[in-house]
Amino acid sequence: MSVITLTTDFGLEDSYVAAMKGVILGINPQATIVDVTHAVPPQDIQAGAFALLGVAPYFPKGTVHVAVIDPGVGSERRAIALQAGGYFFIGPDNGVLTLAAQVHNLRRKLSLVRPSSAIKAIHLLNPEYWLSEVSSTFHGRDIFAPVAAHLTSGEPFDNFGVPIEDYAMLELKAPVERDDALIGEILYIDRFGNLISNILNRHIPEVREQARVEIAKACFRGIFQTYANAHVGDPLALIGSSGFLEIAVRNGSAARQLDAKIGDPVIITMPKT
Amino acid sequence: MSVITLTTDFGLEDSYVAAMKGVILGINPQATIVDVTHAVPPQDIQAGAFALLGVAPYFPKGTVHVAVIDPGVGSERRAIALQAGGYFFIGPDNGVLTLAAQVHNLRRKLSLVRPSSAIKAIHLLNPEYWLSEVSSTFHGRDIFAPVAAHLTSGEPFDNFGVPIEDYAMLELKAPVERDDALIGEILYIDRFGNLISNILNRHIPEVREQARVEIAKACFRGIFQTYANAHVGDPLALIGSSGFLEIAVRNGSAARQLDAKIGDPVIITMPKT
Amino acid sequence: MSVITLTTDFGLEDSYVAAMKGVILGINPQATIVDVTHAVPPQDIQAGAFALLGVAPYFPKGTVHVAVIDPGVGSERRAIALQAGGYFFIGPDNGVLTLAAQVHNLRRKLSLVRPSSAIKAIHLLNPEYWLSEVSSTFHGRDIFAPVAAHLTSGEPFDNFGVPIEDYAMLELKAPVERDDALIGEILYIDRFGNLISNILNRHIPEVREQARVEIAKACFRGIFQTYANAHVGDPLALIGSSGFLEIAVRNGSAARQLDAKIGDPVIITMPKT
């Protein structure tokens, strides 16, 4: 069992992703390689971290998650590997790995933050596991891919470098409470135009059908289970498949219909009881 | 041998497809997963069914074809599996699976409609084969992917649910004959701008070089074997690689050049003999 | 070990690529299939050849590289296979395979041209290795995919056809020297807007920090190791990950910022010493 996932901002037009796969298969022909996405907006570390957060826990334990959103390649930024929750994470030391490593993600119950003592980190310094020639611009191919391949081939984690504790952390911005309202924001907009917020299931009180939801210029009532709770064309709020509160329009695009964008506030107000 | 194909409208920007793959590999690490396409227009059941129809018969027998174009997810629509012609089909009960299951597709000789008695259908009701927690919005990950993985792991088809016969059917609209003309329509436009119609090889009489073809504002003669039968830049009709009559422009885009779109009529008139 | 790579202009919207994969897995269930890219601009042989050139040497020896950019399909153009440098190349005889087969690419040290005697070529003529029914429009599925699958299954190269020597060659246009200047051109623009030229490492004299670089309307000094040698937003020249001189803008798009396009000249002038 040796699964390697790839999350990058390389796109699929060029052949950068394929070069990484060639390197991996040259080292571990048994590796199963899965693309998470290569459409992360160029150099958007937060978006890459978020993409990985949503899927990492659905892979079998032992999976090596490689993320290459790497604006600092060739500078002094370190190459690192993390071990957390039974998974490995490999990439640049800019935070892109840390949402997935940090949040103790029990699939849809995104709720626990892992104590940092439960994350083991190393600075990748052992060139024995890299390509013999390392470019200054493509560590995905020359360092991260071969390290992932050697790791799935059974090399012990500690052999790849030197323990560190001061790796860069990215934090999920938590929603804030103000008076009766919970104020979050839109983190991500998916292909269907669903607006995914930073509000988690556990942030929201139990009585949900009367909750008042404000987003962009729209305002409506209720947090529901599924799209079918709204009429076609109407907006609704629900706990989405990643465990975050989402705003959707049934059989439509909430982003377009509500003219909403990343960073827009989402305000949940519970009725006075 | 355990091949699983995926046809969805999820796109490749988000990580929904990867979540399905993670679930599959967690259950059956030996599965070989192939993307058919994830660029089906959102919630376009007909387009998804058509994409699958064209490729299903090129896969080895035993392949499990999963299609998730699922506007009704979370409503009362059923999750189903079909067994037909040596293949398995898994997805929502909205017709997306039925073109491929129904048409006895001998590769390019699309011609026989399978008797419905030759299709075995079950309503997926056994939660033993699902993820332990099922969301209301992403059955692709929580039900269809794990069922496909368990099926390729050797679980008997009948164990997954309860036999049904009243599943939703999608039919390929047949072309109609009127006087001397055969009137079909454009079903699909591919990346090259080729216009793929619902007219099959068997619908067209033998003498083809004199056939008159009308599409959008264009009119030209002949149904040929290959693009090379036309001059560069000229439109021509031919039996395409999926077995349907296509309108193409050699080294160009028929859709753009003829200003044609899905649903446009294609009229074939044979010369009086 | 049986890796097959696919480079096409089929896009990922349609299911043409999946049909090729189904055919391959039906013949060799053990094949590992890797997409190089399917976003080659329709019928752009040069772009396809260039995409393959950059990644072919990163795959393990024995890999079969299939490239289908095939405007002449169905005409008299031949289907061919090449054996060179431990790799196999399969596709139409229009040059798309020959950059990768011809250039003795030692990864980033793109420098040697392979003597043509070191390339073994055959005309694919043995229908025993094709699908039983061959369309006139999709040889990727009906000829190239099954040949690749049989080759990775251990069939000897010579069995697939008849030796030839007059296959079509594509050449990398070399930069020219004029007075003190080296004049190359932009071959390719990647997703990040990096401008990749036809100037190789070995073309450039040793003293690089004082080199004067002209591209489109911009002019600046220095050829460096990595993006971090420039300030954010500034253009710089460097030897990119494929071994070619690239013009980049740190954390930006050189193509957009310099308003440059494919074919634009790149002029390197060394200071008088």
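How many salt bridges are counted between chain A and chain B? The count between these two chains is 0, where a salt bridge is a side-chain nitrogen of Lys or Arg within 4 Å of a carboxyl oxygen of Asp or Glu.

1. Basis. This is a predicted model, in which local features need pLDDT of at least 70 and side-chain atom pairs count only at pLDDT 80 or more, while totals for chains, interfaces and linings use all residues. Residues are numbered from 1 along each chain as its sequence is written, chains are lettered from A and ligands numbered from 1 in the order in which they are written, and side-chain values use heavy atoms, with hydrogens and water left out.

2. Interface of chains A and B. In chain A, 32 residues are in contact with 33 residues of chain B (contact: heavy atoms within 4.5 Å). About 2,600 Å² is buried between chain A and chain B, and carbon and sulfur atoms give 56% of that area (the accessible area, 1.4 Å probe, that two parts lose on being put together, summed over both).

3. Salt bridges. Over all chains the count comes to 27 salt bridges. One of them joins the side chains of A:Arg78 and A:Asp93 at 3.0 Å, N to O. A:Arg78 lies in the loop between β3 (64-68) and β4 (79-84) of chain A and A:Asp93 in the loop between β5 (87-92) and α3 (98-102), so the pair ties together parts that are 15 residues apart in sequence (helices, H or I of at least four residues, and strands, E of at least two, are DSSP runs numbered from the N terminus). Both A:Arg78 and A:Asp93 are buried (buried: under 20% relative accessible area; exposed: over 50%; partly exposed: in between; 1.4 Å probe, protein chains only).

4. A second pair, in chain B. B:Arg77 forms a salt bridge with B:Asp70, with the closest N and O atoms 2.7 Å apart. B:Arg77 counts as buried because its relative accessibility is 17%, and B:Asp70 counts as buried at 11%.

5. Aromatic pairs. The structure holds 27 aromatic pairs over all chains (ring centres of Phe, Tyr and Trp, the last by its six-membered ring, within 6.5 Å; planes under 30 degrees apart are stacked, over 60 edge-to-face, the rest tilted). C:Phe50 and C:Tyr188 form a tilted pair, 5.4 Å centre to centre with 35° between the planes. C:Phe50 lies in helix α2 (residues 45-55) and C:Tyr188 in strand β11 (residues 181-189) of chain C, so this pair ties together parts that are 138 residues apart in sequence.
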